[in-house]
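Here are my notes on this one, jotted down while I had the viewer open. Have a look at the structure first, then go through the points in order.

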Amino acid sequence: MKSQLFLLSLVAVLMASCSGMGGSANYETAKDSVCYVLGANMGKQMSETQDRFPGGGMNMDEFTAGFIAGIDSVDSKYKDLETQTFLQGYFTNAQTKEQEQAAAMAQDSTLEAYQSPAKDTASYVYGYLFGSDRFRSGAEQFPGGPMNIEAVKAGLKDFMAEKELSIVVEDEESFLNDYFQKAEETARAEAEAKAKAELGPKLAEIDKFMEENGSRPGVITHESGKFQYEVMKEGNGAKPVATDQVKVHYHGTFLDGSVFDSSVERGEPATFGLNQVIQGWTEGLQLMPVGSKYKFYIHPEYAYGMQANRGIPAASLLIFEVELLEIVK
């Protein structure tokens, strides 16, 4: 259990650091500065938890050497070991020995805590796997561009050598989290812009359709311009609100008339919360008294946007015939 908790705690620390800029930066780019702080922060977190490493504590010098070898893609000095199997066996054995020694120490206060003879090897191998598996393998997918491996190593080395850090921040995790959040937002915006550019002709066709459709008698265009509807049958029941659950029958088609989903064809109504569906449905159904049947024309921005979703291609106009059967309280 101790070994598992140790592994989980370290993974959590590093994942928290990698889920996110302030401070002064001496590196060329924000990404380089983040990589340096990431390396230093890893050294800090490892040193704070080294005593919990099974078998007598982590040898930080061996861990650092292993990490640098792993991140540099250099062969481990223990390359003949099956590293994952070795570590698993080490942790299991160390845990057992520690428990046995703790029981013995309860009877004899002169005994010392268990120290594994393989502790240095395990520290190196653990560092090697961190460098090769957790850092090197994800270097190309690093938010904001490929990871600056040299900056990560420099941060770790400076911390371990107790040097004055090149970049000092008040809160390392906030510094990192802020960067990663902004990098993810930028990547998302770039992906959306790329998708819109690639889907331009399709969106132009949709906009043309909605403009022409909106001029037909009986078709009402929502103020957003992203949703239209026409009344096929007007009921006289209550209208649902956004927090209600409703039971409906519906028949959904694409602009070319092909069917993508239909409770009518399945022969079974659907029940769902209005706050759990696409925006076109959420707003459209609130216009309908129970017993009504409307036809919705929903622009991609009020449906699934620029991403494909469960068989619905990206940037799809969705057309629904919807009959509101019941408000389910």
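1. Start with helix 7 (residues 172–198) and helix 8 (residues 200–214): in this predicted model, their axes come within 4 Å and cross at roughly 70°. Angles of 65 to 115 degrees count as roughly perpendicular, so that is how helix 7 and helix 8 sit relative to each other.

2. Who touches whom there? On the helix 7 side you'll find Lys196, Ala197 and Glu198, and they meet Gly200, Pro201 and Leu203 of helix 8. By class, this contact of helix 7 with helix 8 has three nonpolar residues, one polar and two charged.

3. Next, the largest pocket, which holds about 360 Å³ of space. It has 16 lining residues, and Tyr250, Asp261, Tyr304, Arg310 and Phe320 are the closest to its centre. Strand 4 (259–262), strand 5 (270–273) and strand 7 (318–328) are the elements that each give two or more residues to the lining.

4. How many charged residues line the largest cavity? There are no charged ones; the lining has seven nonpolar and three polar residues.

Conventions:
Residues are numbered from 1 along each chain as its sequence is written. This is a predicted model: local features need pLDDT of at least 70, side-chain atom pairs count only at pLDDT 80 or more; totals for chains, interfaces and linings use all residues. Side-chain values use heavy atoms; hydrogens and water are left out. On a 1 Å grid over the protein atoms alone, a cavity is a set of points where a 1.4 Å probe fits but cannot get out, and a pocket is an open set with protein on both sides within 12 Å along at least five of seven lines; lining residues have an atom within 4 Å of a point. Grid points are joined across faces, edges and corners, and a volume is the space filled by probe spheres set on the points. Axes are lines fitted to C-alpha atoms, for helices over the stretch in contact, and angles run from 0 to 180 degrees between N-to-C directions. Angles under 35 degrees count as roughly parallel, over 145 as roughly antiparallel, 65 to 115 as roughly perpendicular and the rest as oblique. Contact means heavy atoms within 4.5 Å. Ala, Val, Leu, Ile, Met, Phe, Trp, Tyr, Cys and Pro count as nonpolar, Asp, Glu, Lys and Arg as charged, and the others, Gly among them, as polar.
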